[in-house]
Amino acid sequence: MVRVRKTFYGYFKENMDAMGAPCPETLFSTATTATATIKTILSEIEKHGPSVTLAELAVAGTGLEILGFAAAGTAAAYVGICIGSLAVATGKSISGGYSLGDLFATAHLHDINSNHLAYILQQHSFQRKYSTICTV
């Protein structure tokens, strides 16, 4: 399977589009700008409360005016989608566009025991995470 490698923003936008959420490139073009935008939204939610809408933030002079067209949604719901998209886009950028789902689908397609594969991945993850405090 040949994949066209996308940019961080390409993966971020793909995930945001799947969730039906807008994502202006000026606010989410890189992992750094996406993180800064998410921090700004979280800061504004702390100031105005969890029910503040994107429209209210857009008119409050927060630098998020471009999000005003998504006026109906709450900022809390939107920032949750952004955080998930940041995680997905970061993972896909690092892995060349592949996900763990792709790994398991390919294993299943080739009759590789997915339970055994899952066990190996869990062990590898555990060993990497805790290798300094214990051995497996």
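**A close look at helix H3**

Ala31, Ala34, Thr35, Ile38, Ile41, Leu42 and Ile45 of H3 meet Ala75, Ala76, Tyr78, Val79, Cys82, Ile83 and Leu86 of H5, where contact means heavy atoms within 4.5 Å. This is a predicted model, in which local features need pLDDT of at least 70 and side-chain atom pairs count only at pLDDT 80 or more, while totals for chains, interfaces and linings use all residues. Residues are numbered from 1 along each chain as its sequence is written, and side-chain values use heavy atoms, with hydrogens and water left out.

Let's start with the helix itself. H3 covers residues 31-48, 18 residues in total, and reaches 26 Å from its first C-alpha to its last, close to the 26 Å expected at 1.5 Å a residue. Helices here are DSSP runs (H or I, at least four residues), numbered from the N terminus. After H3 comes Gly49, with a positive phi near 100°.

Now for its two sides. Ala34, Thr37, Ile38, Ile41, Glu44 and Ile45 are the buried residues of H3 (under 20% relative accessible area, 1.4 Å probe, protein chains only). Seen down the axis of H3, they fall within an arc of 125°, so they line one face of the helix. On the other side, Thr32, Lys39, Glu46 and Lys47 are exposed, that is, over 50%.

The buried residues pack against helices H1 (8-18), H2 (25-28), H4 (54-59) and H5 (75-95). The axes of H3 and H5 come within 10 Å and cross at roughly 155° (lines fitted to C-alpha atoms over the stretch in contact, with angles from 0 to 180 degrees between N-to-C directions). H3 and H5 are therefore roughly antiparallel to each other, a term for angles over 145 degrees.

Terms used: Helix = DSSP H or I, 4+ residues; strand = E, 2+ residues; numbered from the N terminus. Expected span 1.5 Å × (residues − 1). Arc of directions from axis to C-beta. Parallel < 35°, antiparallel > 145°, perpendicular 65-115°, else oblique.
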